[in-house]
Amino acid sequence: MENVVIRELQTLEDILEAYPVMRELRTHLNEQSYLDLVKEAREEDSYKMVALYDQDNIVAVVGFKPMITLYYGRFVWVCDLVTSQTMRSKGYGEKLLFYVHEWAKLNDYECVALSSGLQREGAHRFYESKMNYNKVSYVFKMDLE
């Protein structure tokens, strides 16, 4: 992992470069809806997107935002975390989560939280066993017409 670099994606070109990896997780988004949502989330919701590069190629991406709720207090919500299918189990997701943890500490946030789809059992094992996250709730959703 000597050629691994982590950096925040600032420009639309950088964000577009991350689309092929992000699409592995967010399969419902086409390129334009992805760009529109990232742009709006950055402008309206303090969303940050960070990529892990190996050999100058993006192999993993995390999107997160600072939040405040009565339940968690001041915390960082991990909205998206994905490592390219061909590059999994190399520690890239762990490195990106550590980046988020450090960002949260440096900015005086108390914890990091995320949700994970019910079908993503491998991800659940990663969060609980490898990253020491606690399962504290279920997330419920209702689509509005």
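K48 is found in strand 2, which spans residues 48–54. The model described here is a predicted one. K48 is buried but takes part in no salt bridge. The nearest side chain of opposite charge is that of E8, 4.1 Å away.

Leaving aside residues up to four places away in sequence, K48 is in contact with E8, V62, G63, F64 and W103.

Five strands form an open sheet in the order 1-2-3-4-5, and their pairing is mixed. From one strand to the next, the twist averages 30°.

Strands 1 and 2 pair in the antiparallel sense, over 5 bridges. Within this pairing, E8 stands opposite V50 of strand 2. E8 is also among the residues that K48 touches.

## Salt bridges

Side chains of opposite charge can pair when their charged atoms come close. In this model the count of salt bridges is 9. One of them joins D80 and R26, with an N to O distance of 2.8 Å. This pair links distant parts of the chain, 54 residues apart: D80 belongs to strand 4 (residues 73–83), while R26 lies in the loop between helix 2 (19–22) and helix 3 (31–45). D80 is buried, at a relative accessible area of 10%, whereas R26 is partly exposed, at 24%.

A salt bridge also connects the side chains of E94 and K130 (3.5 Å, N to O). E94 lies in helix 4 (residues 92–106) and K130 in helix 5, so the pair ties together parts that are 36 residues apart in sequence. E128 forms a salt bridge with K135, and their closest N and O atoms are 4.0 Å apart. Here E128 is partly exposed, at 35% relative accessibility, and K135 is exposed, with a relative accessible area of 65%.

## The surroundings of Y133

Y133 is placed in the segment after helix 5 (121–130). Its relative accessibility is 14%, and Y133 therefore counts as buried. Not counting residues up to four places away in sequence, Y133 touches L97, H101, V112, L114, Y127 and E128.

With H101, the contact includes a polar one between the two side chains, at 2.8 Å. L114 is 19 residues from Y133 in sequence, and the two are 9.3 Å apart in space, C-alpha to C-alpha. E128, another residue that Y133 touches, is the partner of K135 in the salt bridge described above.

Key:
Residues are numbered from 1 along each chain as its sequence is written. This is a predicted model: local features need pLDDT of at least 70, side-chain atom pairs count only at pLDDT 80 or more; totals for chains, interfaces and linings use all residues. Side-chain values use heavy atoms; hydrogens and water are left out. Helices (H or I, at least four residues) and strands (E, at least two) are DSSP runs, numbered from the N terminus. Buried means under 20% relative accessible area, exposed over 50%, partly exposed in between (1.4 Å probe, protein chains only). Lys and Arg count as positive and Asp and Glu as negative; His and the chain ends are not counted. Contact means heavy atoms within 4.5 Å. A polar contact is a pair of N or O atoms within 3.5 Å; within protein, one must be able to donate a hydrogen and the other to accept it, and residues adjacent in sequence count only if both atoms are side-chain atoms. Two strands pair if DSSP finds at least two bridges between them. Axes are lines fitted to C-alpha atoms, for helices over the stretch in contact, and angles run from 0 to 180 degrees between N-to-C directions.
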